[in-house]
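Dear colleague,

I am handing over the structure below, together with some notes on what was found in it. Please read the notes with the coordinates open beside them.

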Amino acid sequence: MLGLGIESTAHTFSCAILEKKGKKGKILSDIRKIYRPPDGEGIHPREASRHHAENSPEVLSECLKKAGVKMTDLDIISYAAGPGLGPCLRIGAVVARSLASYYKIPIYPVNHALGHIELGKMLTGAKDPLVLLVSGGHTMILAFLSKKWRVFGETLDITLGQLLDQIGRSAGFASPCGTKIEELASKSTNYVNLPYVVKGNDVSFSGLLSATKQIIPKGLEDACFSLQETAFAMIGEATERALSFTGKKELLIVGGVAANKRLSEILQSVCKRHNCKFFVSPREYAGDCGSQISWTGLLESSTKQGVPIEETFVRQSWRLDTVEVMY
Amino acid sequence: MSLECKVQVFLNNLTPQKSNAIRKALTPDNINFPENLSMEIENVNNSLVFTFQGKGNIRTLISTIDEVLEHAQVVLRVIG
């Protein structure tokens, strides 16, 4: 079975074609174009959507060409229906709807966060993991129970990705800034005390953001190092408690921040203490991509029909713990 | 006195399949408009006619027309 997935929740416009045989998936192509705001600035939703509108035909055509398939070969089309930025979501939905109606192919709206998890499971082989989803849009610790992903901890304010991006932007970099922060942090071992806020099993990063901005003038590398150590230790504590509580024997990290090696080191040490297998999404597929949407659509198509086009809405706020997983 | 505007946009020389694809692709995002704004899409011969009506803030009307036409262009470019 062949599925086209369209991702457009934020910076990235991506199309991917995956093949599903039984329970196994194979990525045939995954093409992306990423909106880059000017240095020091964040994403402007309308500007990002203009970028997606401009680039969508080229990305689609390259995706089909690389996979070696024609539109008429596709069995389903999936698109990221939320959560995300409204104008960006609408471009992906418009592309999906137009192809679905013109070529008469079933269409599936997919939850973007669920896409990160399902693709991570498919690529790593994790079976029943505790999941840490860390990106620009999410910071959640999740476990699957009774057809839903249940939240065992999350951010009370900004996400881990936003924290890194906002520090990066205040230092004059263009978002996303995670790679730049990681690179600068690796050049220092001088820890400066910063606020560490874990409430119950939730984390709060806004105080840490303000405090880190204040120490940047004293040394950017020290600030990045101290920021990473503090934020990742907070995440590590909440994740360790969730592992202990759920008794899960696998931990999977997904989302754009999963690409950070220091975060992986901290969580690997947590896993070692709990005799738990550690999985992390491959760097290439940790961030937003069409593959996550295509694969989740293919999984959903195994248990349900496509959605009528007039009901293919986008939902800017669509919490993962409200999605019923039937496959 | 608030400004009332009616704007019609004609996309000409479209096949029925392309008209249908545009209409279906755009409709789900254009429901539940605010009270002072409306949009209708209809087929007239070989044209697709968009009728926008707005009252009050003209910028909202302009932004809506801008986005809808951008989406129509995306549809035509992806279906070729």
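Glu237(A) counts as partly exposed at 27% relative accessibility, where buried means under 20% relative accessible area, exposed means over 50%, and partly exposed lies in between (1.4 Å probe, protein chains only). Glu237(A) forms a salt bridge with Arg241(A), and the closest N and O atoms are 2.5 Å apart; a salt bridge is taken here as a side-chain nitrogen of Lys or Arg within 4 Å of a carboxyl oxygen of Asp or Glu. The two residues are four residues apart in helix H7 of chain A, and therefore separated by about one helical turn, while Arg241(A) is itself partly exposed at 38%. Helices (H or I, at least four residues) and strands (E, at least two) are DSSP runs, numbered from the N terminus.

Before going further, please note that this is a predicted model, in which local features need pLDDT of at least 70 and side-chain atom pairs count only at pLDDT 80 or more, whereas totals for chains, interfaces and linings use all residues. Residues are numbered from 1 along each chain as its sequence is written, chains are lettered from A and ligands numbered from 1 in the order in which they are written, and side-chain values use heavy atoms, with hydrogens and water left out.

Over all chains, the structure holds 17 salt bridges. Another one lies in helix H1 (residues 45–67) of chain A, where Arg50(A) and Glu47(A) are three residues apart, and so separated by about one helical turn; their closest N and O atoms are 3.3 Å apart. Arg50(A) is partly exposed at 33% relative accessibility, and Glu47(A) is likewise partly exposed, with a relative accessible area of 37%. Both residues belong to a network of salt bridges that links Arg46(A), Glu47(A), Arg50(A), Asp66(B) and Glu70(B).

Which parts of the chain does the pair Lys248(A) and Asp128(A) link? The two residues form a salt bridge with the closest N and O atoms 2.8 Å apart, and the pair links distant parts of the chain, with Lys248(A) in the loop between helix H7 (220–246) and S11 of chain A and Asp128(A) in the loop between H3 and S6 of chain A, 120 residues apart. Lys248(A) counts as buried at 12% relative accessibility, whereas Asp128(A) is partly exposed at 38%.

Strands S6 and S11 of chain A also belong to an open sheet of five strands in the order S8-S7-S6-S11-S12 (chain A), with mixed pairing, two strands being paired if DSSP finds at least two bridges between them. Strand S8 (148–154) and strand S12 (277–280) of chain A are the edge strands, each pairing on one side only, and the twist averages 25° from one strand to the next. Helix H3 (residues 112–124) of chain A packs on this sheet, touching S6, strand S7 (139–145), S8, S11 and S12 of chain A, and its direction makes about 125° with that of S11(A). Axes are lines fitted to C-alpha atoms, for helices over the stretch in contact, with angles running from 0 to 180 degrees between N-to-C directions, and contact means heavy atoms within 4.5 Å. Within the sheet, strand S6 (residues 130–134) and strand S11 (residues 250–254) of chain A pair in the parallel sense over four bridges, and Val131(A) stands opposite Leu252(A) in S11(A).

Elsewhere in chain A, strand S2 (residues 12–21) and strand S3 (residues 24–34) run antiparallel and are joined by ten bridges, with Gly25(A) in S3(A) as the bridge partner of Lys20(A). These two strands form a hairpin with two residues between them, and Gly22(A) in the turn has a positive phi of about 60°.

Two individual residues may also be worth a look. Ser301(A) is found in helix H10 (residues 290–301) of chain A and is buried, with a relative accessible area of 14%; not counting residues up to four places away in sequence, Ser301(A) touches Met1(A), Ile76(A) and Tyr108(A).
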